[in-house]
Amino acid sequence: MHISEEKTMAHKPAIPKTSILFEPVRDAYGKRLALVFGNEFKNGKCPFYIKNQCYHCDIGAGEGVKFTPEMNKERLNFFRRHYRGVLGSMAHLVIYNSGSTLNKAEMSRQTLGDIIEHASSLKKCKIVSFDSREMYVTEDSLDYIIGKLRKNQQARVILGIESQNDRIRIKKLNKTMKRENIAKAFEAVGRYKGKIGMDINILFQPPELVGEDAIKESVETLKYGLNLGKRHKVPVDFNFHPYYPSKRSKKIYPNHPRADFQDSKKALLRMKAEIEGRRSDAKIFIGWQDERHDQQQRIRIKELEKEMENFDNFNAAQDVKFLN
Ligand code: SF4
């Protein structure tokens with residue numbers, strides 16, 4: 001962090017650092033913008049990060065300050081000013097808070113309500129995705145969201161399953177997200193009969209897996225998500241995140257390499273083939289934003305210089321020709 005940024009943070013934490021200020025991108029629905037709000041839990045951190053869970057994740061450390069609903073309101077107003085030329089054309093808003101947006105202790109209903117109210121005022125906005133852990137995907141949360149969005153808007157819950165393999169997710173990543181609780185979240189969403197969807201995060205090449213094993217695992221995780229979606233009648237999309245060493249994961253898995261780009265493409269090709277084979281309309285979004293937590297920024301910049309345009313084209317068109 002630059003000294004000038006530190007000063008800005010000290011005086012005005014509601015103004016986001018450039019590392020969490022996302023650029024509008026494209027996905028299968030049109031223009032997409034991620035908005036990062038502050039976490040309202042202790043010290044502004046995700047409760048699971050505090051409990052030393054999720055070994056791959058530095059994001060849960062938050063922004064170094066506990067937010068209040070007033071500060072998040074100020075941040076929302078900042079976004080309205082900062083993105084004033086583009087917000088009106090966004091089809092898909094993605095709401096983050098370095099944790100779970102559906103947990104009242106991390107994002108008060110006041111903040112969530114302010115955000116949804118704004119999203120529902122954006123005529124072109126068709127979809128609003130909310131990042132959350134599984135236990136907060138409850139009738140209470142979902143009713144609240146649906147009650148505030150326009151009838152022609154769809155809500156989606158972003159669930160970081162990462163890997164369908166319990167040993168990888170629970171043991172290697174220390175993410176104690178149990179299968180039965182994932183199923184419960186799907187069951188809760190399914191009651192809304194398609195008005196709410198799920199966006200499943202897949203961490204490509206998690207610790208322990210490389211090469212063909214990593215490719216196979218990402219396809220298995222996609223199948224797991226598609227099967228759950230089918231069983232509970234929930235529309236499902238996927239966010240594909242290639243692994244990078246974060247501060248935390250570097251300490252715990254110093255020898256595990258960043259995701260191999262050629263393998264990432266092979267995995268995406270097979271995932272797309274699986275989707276098409278099932279005649280599913282599930283979409284894949286390749287997420288490359290790291291909020292500057294990637295500990296190998298030089299390599300990252302080089303990789304993205306080469307692939308960013310292809311990823312963007314793939315995300316918009318869902319066409320595998322951009323992966324060759
Ligand atoms: S992966 Fe999600 S739940 Fe886990 S520490 Fe990070 S933000 Fe929190």
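Biologist: Which residues does Val-25 touch, not counting those up to four places away in sequence?

Modeller: This is a predicted model, in which local features need pLDDT of at least 70 and side-chain atom pairs count only at pLDDT 80 or more, while totals for chains, interfaces and linings use all residues. Residues are numbered from 1 along each chain as its sequence is written. Val-25 lies in strand 1 (residues 25-27), where helices (H or I, at least four residues) and strands (E, at least two) are DSSP runs, numbered from the N terminus. Taking contact to mean C-beta atoms, placed from the backbone, within 7 Å, Val-25 touches Arg-32, Asp-312 and Asn-315.

Biologist: Is Val-25 buried or exposed?

Modeller: A residue is buried if 20 or more other C-beta atoms lie within 10 Å of its own, exposed if 12 or fewer, and partly exposed in between, with C-beta atoms placed from the backbone. Because Val-25 has 21 other C-beta atoms within 10 Å, Val-25 is buried.

Biologist: How confident is the predictor on average over the protein chain?

Modeller: The confidence is given as pLDDT, which the predictor assigns to each residue from 0 to 100. For residues 1-10 pLDDT stays under 50, and the model has six contacts beyond four places in sequence for them. Where pLDDT is low, the predicted coordinates should not be read in detail. Over the protein chain, 97% of the residues score at least 70, and the average pLDDT is 95.

Biologist: Which residues are the closest to the ligand?

Modeller: A residue is counted as near a molecule or strand if its C-beta atom, placed from the backbone, lies within 6 Å of it, and 13 residues surround the ligand. With Ala, Val, Leu, Ile, Met, Phe, Trp, Tyr, Cys and Pro taken as nonpolar, Asp, Glu, Lys and Arg as charged, and the others, Gly among them, as polar, this shell divides into six nonpolar, five polar and two charged residues. The closest of the surrounding residues are Cys-46, Tyr-49, Cys-54, Cys-57 and Gly-60.

Biologist: Which residue is the bridge partner of Leu-35 in strand 3?

Modeller: Two strands pair if DSSP finds at least two bridges between them, and strand 2 (residues 30-36) pairs with strand 3 (residues 92-96) in the parallel sense over five bridges. Both faces of strand 3 are covered, with His-92, Val-94 and Tyr-96 on one side and Leu-93 and Ile-95 on the other, all of them buried. The bridge partner of Leu-35 is Ile-95.

Biologist: And which residue of strand 4 stands opposite Leu-93?

Modeller: Strand 3 runs parallel to strand 4 (residues 127-131), to which four bridges join it. Together with helix 4 (residues 109-120), these strands make a right-handed β-α-β unit, right-handed meaning that, with the strands pointing away from the viewer, the path from the first strand over the helix to the second runs clockwise. The residue opposite Leu-93 in strand 4 is Val-128.

Biologist: How many bridges pair strand 7 with strand 8?

Modeller: In strand 7 (residues 236-242) seven of the seven residues are buried, with Val-236, Phe-238, Phe-240 and Pro-242 pointing one way and Asp-237, Asn-239 and His-241 the other way. Strand 7 pairs with strand 6 (residues 196-204) in the parallel sense over seven bridges, and the chain crosses between them through helix 8 (residues 211-232) in a right-handed β-α-β crossover. Strand 8 (residues 284-286) is also paired with strand 7 in the parallel sense, and the number of bridges there is three.

Biologist: What is the phi of Glu-162?

Modeller: Glu-162 is found in strand 5 (residues 154-162), and Glu-162 counts as buried because it has 25 C-beta neighbours inside 10 Å. Although Glu-162 is not a glycine, its phi is positive, at about 70°.

Biologist: Where is Glu-291, and what is its phi?

Modeller: Glu-291 has its place in the loop between strand 8 and helix 11 (297-317). Glu-291 counts as partly exposed because it has 18 C-beta neighbours inside 10 Å. In this residue other than glycine phi is positive, near 50°.

Biologist: Which residues are in contact with Asp-290, leaving aside its neighbours within four places in sequence?

Modeller: Asp-290 has its place in the loop between strand 8 and helix 11, and with 19 C-beta neighbours inside 10 Å it counts as partly exposed. The residues in contact with Asp-290 are Tyr-244 and Arg-300.

Terms used:
Two residues are in contact if their C-beta atoms, placed from the backbone, lie within 7 Å.
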